[in-house]
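Visitor: I'd like to learn how to read a few features in a model like this. Could you walk me through them?

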Amino acid sequence: MEFDYEFFDKIASSALTKYKWNSDAYAKLIVLSENATYMVKDKATDENLGVLRVSRPGYHTLSELNSEMNWLRQINDYTPLIVANPINGIDGEPVQKVLGTDGKTYYCVLCDYLPGSEPDENNPAKIVRDFEMLGETTAYLHRQASIWNGTKSIDRIEWTYDNIIGETAAWGSWKEFEDMTPEGEEFLEEACRIIKKRLKRYGKTADNWGLIHADLRLANILVEGEQIKVIDFDDCGFGWYLHDLASSISFIEHKEIVPDLINAWLKGYKKVMPFTDTDFEEIDTFILMRRLQLMAWLASHKESGPVAELSRGYFRGTIELAERYIRFFG
């Protein structure tokens, strides 16, 4: 995907005119992915005022974005969790439309700025404690979505096998990863066959499937003292609850600390929601499926800032995870 920075900067500036700050604020690009995400800052004080997300045309519909904003408000209103609340525009709507010079409509959403820092994987004792809080936080998300009457009206993607790593994968094919070899592709296809078989047996039930965040990686978690905050619900949709566990160790699945992180996550999760032996048996399935999903993301987002660094050694690490998975479950 190509990205015209100047063009999106103009879209972001136009979007700000639709909010209360108008000319008192400016937008600074902070990350590029499916969307262009900007920090909105006060021109006079440089204070962080909010986070603006400019969606690329065709990625999310207006209905999908409104659904995401509705869930965020429900979480903030009816759980002990802290998520970034949407900020309505001057017209009272959470999603603003900006017409680009290319004739396309760009949907923009603005949410509260939340202070905090990403969990530090180089501080083992601290990150294990953070993962216990993250497990508990994730369980609250799952419980809230399961009892909220509005969940049935949510319009979001279903994170099925096909939409994650199959024929209709939302982020493209993992086979397009630049380090892929014919031998590696054949080996990973065998792992995919096992994943698909085990998912069919696992099934979708009210106990293991529902509305999920779907991208609870470290970059989307903020820690402030003893409080975990969750940001970036851009990928939220309907999926297996275990997908949220797998996404929490995105890009670090191969590291020695991961078993400790998973155990801590489970300890926190079980404070709020049940977790069965059947669920436990499929943790490795979801970890490998998520790893392959991210391989596709890396292949299709070469222009995104951290991709080059994250891609280094990723193929070898994926093969090692797949070797262990096939050995245990093949």
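Guide: Let's start with a charge over a ring. This is a predicted model, and in it the charged end of Arg291 sits over the ring of Tyr314, 3.7 Å from the ring centre. Arg327 lies over the face of Phe328, at 5.5 Å from the ring centre.

Visitor: What about rings with rings? How many aromatic pairs does a search of the whole structure find?

Guide: The general idea is that a pair of aromatic rings is described by the distance of the centres and the angle of the planes. Searching the whole structure here gives 15 aromatic pairs. One of them joins Trp265 and Tyr269, which are stacked, at 4.8 Å centre to centre with 15 degrees between the planes.

Visitor: Why are Trp265 and Tyr269 separated by about one helical turn?

Guide: Because they are 4 residues apart in helix α7 (residues 258-269), and that puts about one helical turn between them.

Visitor: And how do the rings of Tyr269 and Phe275 pair?

Guide: That pair is edge-to-face, because the planes are at 80 degrees, with the ring centres 6.0 Å apart. The cut-off you need for that reading is over 60 degrees.

Visitor: Are these residues buried or exposed?

Guide: Trp265 and Tyr269 are both buried. For Tyr269 the relative accessibility is 3%. Phe275 has 15% and therefore counts as buried, since the limit is under 20%.

Visitor: Which residues do ring pairs link into a cluster?

Guide: Look at Tyr202, Trp209, Trp240 and Phe286, which are linked that way.

Visitor: Let's move to strands. In which sense do β5 and β6 pair?

Guide: A general point to begin with: in a regular strand the side chains alternate between the two faces of the sheet. Here, strand β5 (residues 95-99) and strand β6 (residues 105-112) pair in the antiparallel sense, over 5 bridges. Val98 stands opposite Tyr106 in β6. The hairpin has 5 residues between the strands, and in it Gly103 takes a positive phi near 85 degrees.

Visitor: Which strands form the open sheet, and in what order?

Guide: There are 3 strands, in the order β4-β9-β8, and the pairing is mixed. At the edges are β4 (82-83) and β8, each of which pairs on one side only. β4 and strand β9 (residues 227-230) pair in the parallel sense over 2 bridges, and Val83 has Val230 in β9 as its bridge partner.

Visitor: Which helix lies across β8 and β9?

Guide: That's helix α3 (residues 124-147), running at about 60 degrees to β9.

Visitor: Now cysteines. How many disulfides does a search of the whole structure find?

Guide: In general, a disulfide is a covalent bond between the sulfur atoms of two cysteines. The search of this structure finds 0. Take Cys108: the closest cysteine sulfur, in Cys111, is 12 Å from its own sulfur, too far for a bond. Cys108 counts as buried at 0% relative accessibility, and Cys192 is buried too, with a relative accessible area of 6%.

Visitor: How do I read a loop? Where is Asp215?

Guide: Asp215 is in the loop between β7 (209-212) and β8 (221-224). It counts as buried, at 4% relative accessibility. Not counting residues up to four places away in sequence, Asp215 touches Asn220, Asp235, Asp244, Ser247 and Arg290.

Visitor: Which residues does Leu216 touch?

Guide: Leu216 is found in the loop between β7 and β8, and at 0% relative accessibility it counts as buried. With residues up to four places away in sequence not counted, Leu216 touches Leu134, Thr138, Ile221, Val230, Asp244, Ser247 and Ser248. As for Phe251, it is 35 residues apart from Leu216 along the chain, and their C-alpha atoms are separated by 12 Å.

Terms used:
Residues numbered from 1 in each chain as written. Predicted model: local features only at pLDDT ≥ 70, side-chain atom pairs only at ≥ 80, totals over all residues. Heavy atoms only, no water. Phe/Tyr/Trp six-rings, centres within 6.5 Å; stacked < 30°, edge-to-face > 60°. Buried < 20%, exposed > 50% of the residue type's maximum accessible area, 1.4 Å probe, protein only. Lys NZ or Arg CZ within 6 Å of the ring centre and 35° of its normal. Pairing = 2+ DSSP bridges. Contact = heavy atoms within 4.5 Å. Disulfide = S-S within 2.5 Å. Axes fitted to C-alpha atoms, helices over the stretch in contact; angles between N-to-C directions.
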